[in-house]
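Hi,

Here is the structure I said I would pass on. Have a look at it, and then read on for what I found.

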Amino acid sequence: MRNVTISTTAIVKDSVIGEGSQIWEFANVYGAKIGENTKIGSYVEIQNNTCIGNDAIISSHSFICSLVTIEDNVFIGHGVMTVNDLYPPSKRRTGSDEDWKPTLIKKNAIIGSNATLMPVVIGENSIVGAGAVVTKDVPDNCIVAGNPAKIVKYLPNITKTNEARAMKILLADLKLQHSKIREELDAAITKVVDDCSFIMSEQIAEFENNFAEYCQAKHVIGVSNGTSAISLALEACGIKEGDEVITTPHTFIATTEAISKVGAKIKFVDIEEKTHLMDITKIEAAITENTKAIIPVHLNGLMCNMSKIRELADRHNLKIIEDSAQAHGALYNNNPPGFHSDAATFSFFPGKNLGAFGDAGAVITNNDQIAEKIRMLRNHGRKLGEKHNHEIEGYNERLDSIQAAVLKVKLQYLNEWNKQRIQNAQLYQKHLDSSKMVLPYVPDGYRHVYHQYVIRVKDRERLTHFLKESGISFGINYPIPLHLQPAYAYLGYKTGDFPIAERLTKEIISLPMFPELSEEQIKYVAEKVNEFLKKNNE
Ligand SMILES: Cc1ncc(COP(=O)(O)O)c(C=O)c1O
C-alpha cells in the first residue's frame with residue numbers, strides 16, 4: 001500500500017486501506033474497507049464488514065461496529081459509539097450476524113464527540129450534537145441533539161449550494177458584455193473627458209443620427225431617461241391636464257408616471273393572455289370624449305399589433321406614443337417602433353438591450369413639429385444652437401455626452417446581440433418542457449428581441465426558491481399590476497377589474513437572458529426548471 005501510514009502499535013488485519021490514509025497508535029482495524037486520505041485516530045476500533053469512504057476523519061477512541069458505512073468527507077468526533085444490535089442479546093448471543101442492523105452515515109455529516117448511534121441513517125450534511133443518542137434516522141441537512149436526539153435546526157442544502165456556486169447564472173451579465181468591447185468603450189469615454197464636451201456635444205448628434213438610421217426614423221432626440229422620453233413625447237403631442245391616455249396595467253410604472261406628469265388621467269385596459277400585451281379589442285370600450293392618446297407598451301421585446309392600433313387611433317383621432325423601452329430592434333411586419341405612431345420612446349437603462357452607463361433615453365418620430373418641440377423641451381425651451389433665447393419654458397432633460405458616446409459604441413453591436421438573444425430563446429424552447437409551463441408566444445411576422453425571456457408557471461413562489469438554491473437568477477416583471485398599486489388607489493380600480501393581468505402577474509417569471517449566455521447555461525436552467533415542475537406535477 002503506497003502512501004499509507006500505519007502506526008507500528010496499530011493492528012490492521014484483512015483490510016483494504018486507500019492511498020494517503022493514516023492509522024494512528026493502538027487503533028484496531030479488522031475486515032474493513034477504508035478509502036483514500038482518511039484518518040483513523042488512536043484507540044479507534046473498526047470492526048469487520050465496515051466501509052469508510054474518502055477524506056473521512058474518525059477521531060480517537062471511537063468505535064465503528066460491523067455493518068456501519070461511512071461516506072466521503074464525514075467527520076466523527078472523539079469517543080463516538082455505533083451500535084449494531086438494537087436489543088443486545090447478552091447471554092443469548094448466538095454469534096450470528098443476522099440480528100445486526102446496518103448504520104449509514106452519509107457524506108459530509110458531522111458526528112459530535114461521545115454521541116451514540118443506534119442502527120440509523122444519518123443524512124447528508126447533517127450534524128449530530130456531542131453526547132446525543134440517535135435512535136431514529138436523521139434527514140439530510142439538519143442538526144440533531146439530546147437523548148433521544150431530536151431535530152433542533154434545518155440547514156441550507158450545502159450540496160445544492162456548492163452546485164449553485166459552481167453554476168451561478170445571472171439574469172443579465174453586463175460585465176461580460178463590457179469586457180468584450182472594453183477598449184472601444186474606454187476610448188469613447190476618454191474622448192469626451194479629453195474634449196470636456198459633456199453637454200449637448202457632437203457625441204449627442206452622432207448617436208442620434210446613428211440611432212435614427214437604425215430605427216429608420218426621421219428624428220431621434222436623446223433625452224435623460226426613458227420616463228422623461230414618454231412625458232416629453234406626450235407633451236409634444238399636446239396631451240395635457242384633463243385628457244385621458246389609455247395603456248396597459250402590465251408595465252413598469254414609468255409608463256403611467258409619464259401620463260400623470262403631463263396632468264392627464266391614466267386609463268387601463270386588460271392584457272392578452274398569449275402575448276402579455278395590451279388587448280387591442282378592449283381599447284374601444286375604454287375610449288371617452290376625453291381620450292387623446294394610447295400608449296402601447298412593447299413589453300419584454302415583443303411589439304404590439306401596431307397596424308390595428310393605428311387604425312383604431314385614426315378612427316378616434318388619438319395620438320399614439322409607443323413605449324419601446326424594452327424593444328430596441330424589435331419588428332412588427334418588418335417595421336420598427338415609430339413607424340405606425342406619432343412617436344416612440346426608448347430607455348437606455350443599463351440592463352436594456354441597448355444600455356448606457358447610467359440613465360439615458362430617446363424619442364423617435366417622423367413628425368418635424370413633434371421633434372422640434374421635444375428638442376426645445378429637453379433643453380430649457382431653447383432651439384438647437386440657441387443660448388439665451390428661450391422660446392418656451394422647458395426642462396433639463398438632455399442626454400449627456402458620456403452616455404451618448406457609450407451608446408454609439410454599443411449600437412454597433414445591437415443587431416448581433418439581439419440575434420444571440422433570439423438564438424438563446426430558441427435553445428430555451430428546445431430544452432424547456434413546454435407541457436409543464438407556458439413559453440413565450442411570438443405571432444407570425446413579429447421579431448421578438450427577448451429583453452426578457454418570460455415563462456408562466458403555476459407554483460412560481462416555490463420555483464423561485466428552487467432556482468435560488470440552484471444558483472439561477474430570475475426576474476419578475478412585474479408582480480403587481482399597476483391598477484392595484486397603492487400609488488393608483490385614487491383611480492378607483494379594484495381587484496377583478498383586469499383579471500388576465502392579475503392572474504399573469506402571479507405566474508410570470510423571467511429566466512436568465514443575455515446575448516453571451518452559453519448553451520450549457522441554458523440547458524442547466526432548463527433542466528432545473530423542468531426538474532422542479534416535474535416533481536411538482538407528480
Ligand atoms: C416599459 C418601460 N417603460 C419605461 C421605462 C422607463 O425607463 P427609464 O428607467 O430609463 O426612465 C422602463 C424602464 O425600465 C420600462 O421598462
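**Helix H5 and what follows**

Just after H5, Gly 238 adopts a positive phi of about 85 degrees. Keep in mind that this is a predicted model.

H5 itself is worth a look. Eleven of its eleven residues are buried, so the helix is largely enclosed by the rest of the structure. The buried set runs through Gly 226, Thr 227, Ser 228, Ala 229, Ile 230, Ser 231, Leu 232, Ala 233, Leu 234, Glu 235 and Ala 236.

Now the ligand. There are 15 residues around it, and those that come nearest are Gly 226, Thr 227, Ala 254, Ala 325 and Ser 347. Two elements, helix H5 (226-236) and helix H6 (254-261), each give two or more residues to this shell. Sorted by class, the shell has eight polar, five nonpolar and two charged residues.

Next, Leu 407, which sits in helix H10 (residues 401-411). Is Leu 407 buried or exposed? Leu 407 has 28 other C-beta atoms within 10 Å, and the cut-off for buried is 20 or more, so it counts as buried. Leaving out residues up to four places away in sequence, Leu 407 touches Phe 207, Phe 348, Leu 354, Ala 356 and Ala 360. Leu 491 is another matter: Leu 407 and Leu 491 are 84 residues apart in sequence, and their C-alpha atoms are 38 Å apart in space.

As for the overall layout, the domain assignment gives domain 1 (5-154), domain 2 (176-411) and domain 3 (414-537). Between the C-alpha centres of domain 1 and domain 2 there are 68 Å.

Cheers

Note on methods: Residues are numbered from 1 along each chain as its sequence is written. This is a predicted model: local features need pLDDT of at least 70, side-chain atom pairs count only at pLDDT 80 or more; totals for chains, interfaces and linings use all residues. Domain bounds come from an automatic or database domain assignment. A residue is near a molecule or strand if its C-beta atom, placed from the backbone, lies within 6 Å of it. Helices (H or I, at least four residues) and strands (E, at least two) are DSSP runs, numbered from the N terminus. Ala, Val, Leu, Ile, Met, Phe, Trp, Tyr, Cys and Pro count as nonpolar, Asp, Glu, Lys and Arg as charged, and the others, Gly among them, as polar. A residue is buried if 20 or more other C-beta atoms lie within 10 Å of its own, exposed if 12 or fewer, and partly exposed in between; C-beta atoms are placed from the backbone. Two residues are in contact if their C-beta atoms, placed from the backbone, lie within 7 Å.
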